Amino acid sequence: MRQAWEVLTAGPEDADHSVLLLPGGANAARSFDLVMADQALSGVRLVATTLPGMAGAPLTDDVSVPALARTAGNLAAEHRCDVLVGFSHGATVALEMLLSGHFHGPVVLLGISLTTEDEAGFFRAVVRASQRVGSWPMAVLLRLLPLAARSGKIPEPHRRELIEDLKQNRAGDAVRVSGAYLDYIAADRDYADRLAASGSAVWVVHAVKGDGGLTDSERATLDAAPNVTLVTVPGAVFLLPDEAPEQTAAAIAAAVSKVT
């Protein structure tokens, strides 16, 4: 039987630095495989985990972002991780870890949505409709995800493994996790301002077109913050760890270099 918080590791156990990697919604730990194999991270201990309810992993009792952040913080401490990376939903968990004090150190946020306005309207509509009428709208969306992965710029056999993981998602679980996520980013908090005020070294990575986004106001706040580095990946990239592993690994390597 599968366990929540499945862990995948790479790199030497006695490495000077360790990185915790939190995947995006519907994805498993091995969605970071290409990033973990990149030479820019040679010699770094890399710890990826599948979040509860994602890619067929079982749900936990509390899948709110603060609850996930607490457990992920314990996982980071257990594996002595001094850098934190999150993609999409995982980036939101990483954000909460930083802002709530469950993690201290450089953070890389890939494809994060800081507010409801940043998140795709279609996804929001599917989640909220599923909460009202049952999970069938989410089931339809989940059936489309493998088709989207097939059209992405993803090499084999990683593409095949990604599709296998996407097919493991259960609609009811996805609605619970995604609803809690949307509630978190809808809260009346200025996450861009809090990131800028955190003092922690933060990399915020987005593609020109892809998962998540920033409003003009959020971008201006982060661009003016001396502790925040904004990285824009050219083109349309919806799965940053899978389609842009080199750029992702480069941002992580930059974060590792800032560990004191």
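Is Ser88 buried or exposed in this model? Ser88 is buried, with a relative accessible area of 10%, where buried stands for under 20% relative accessible area, exposed for over 50% and partly exposed for what lies in between (1.4 Å probe, protein chains only). The model is a predicted one, in which local features need pLDDT of at least 70 and side-chain atom pairs count only at pLDDT 80 or more, while totals for chains, interfaces and linings use all residues. Residues are numbered from 1 along each chain as its sequence is written, and side-chain values use heavy atoms, with hydrogens and water left out.

View 1. Ser88 lies in the loop between strand E4 (83–87) and H3; helices (H or I, at least four residues) and strands (E, at least two) are DSSP runs, numbered from the N terminus. Its phi is near 55°, a positive value in a residue other than glycine. Ala55, which is not a glycine either, has a positive phi of about 55°, and it is found in the loop between strand E3 (45–49) and helix H2 (65–78). With a relative accessible area of 1%, Ala55 is buried.

View 2. The bond that runs from Glu156 to Pro157 is cis, with omega near 5°. Pro157 has its place in the loop between helix H5 (136–151) and helix H6 (158–166).

**View 3. Gly11 beside Arg45.** Gly11 belongs to the loop between strand E1 (7–10) and strand E2 (18–22), and at 37% relative accessibility it counts as partly exposed. Although Gly11 and Arg45 are 34 residues apart in sequence, their C-alpha atoms are 4.5 Å apart in space. When neighbours within four places in sequence are left aside, Gly11 is in contact (heavy atoms within 4.5 Å) with Val44 and Arg45.

**View 4. The nonpolar cores.** A nonpolar core is a set of buried Ala, Val, Leu, Ile, Met, Phe, Trp, Tyr and Cys residues joined through side-chain atoms within 4.5 Å. The largest one here has 50 residues, and those with the most contacts inside it are Leu20, Met97, Leu109, Leu114 and Met138. Helix H7 (residues 171–186) gives the largest share of this core, eight residues. Leaving aside neighbours within four places in sequence, Leu20 touches a set of residues that includes Val47, Ala72, Leu75, Val85 and Met97. Another core, of 35 residues, lies apart from the largest one, and among its members are Val44, Ala48, Ala255 and Val256.

**View 5. Helix H3 across helix H8.** The axes of helix H3 (residues 89–100) and helix H8 (residues 191–198) come within 10 Å and cross at roughly 50°; axes are lines fitted to C-alpha atoms, for helices over the stretch in contact, and angles run from 0 to 180 degrees between N-to-C directions. That angle makes H3 oblique to H8, because angles under 35 degrees count as roughly parallel, over 145 as roughly antiparallel, 65 to 115 as roughly perpendicular and the rest as oblique. Leu95, Leu98 and Leu99 of H3 make the contact with Tyr191, Arg194, Leu195 and Ser198 of H8.

**View 6. Helix H4 against helix H7.** Helix H4 (residues 121–133) packs with H7 at an angle of about 120°, their axes being 10 Å apart, and this makes H4 oblique to H7. On the H4 side Phe123, Arg124, Val127, Arg128, Ser130 and Gln131 take part, and they meet Val175, Ser178, Gly179, Tyr181, Leu182 and Asp183 in H7.

**View 7. Helices H8 and H9 side by side.** The axes of H8 and H9 come within 9 Å and cross at roughly 5°, and the two helices are therefore roughly parallel to each other. Their contact is made by Ala192, Asp193, Leu195 and Ala196 of H8 together with Glu218, Thr221 and Leu222 of H9. Ser217, found in helix H9 (residues 216–224), is exposed, with a relative accessible area of 53%. Ser217 and Ala192 are 25 residues apart in sequence, and 8.8 Å apart in space from C-alpha to C-alpha.
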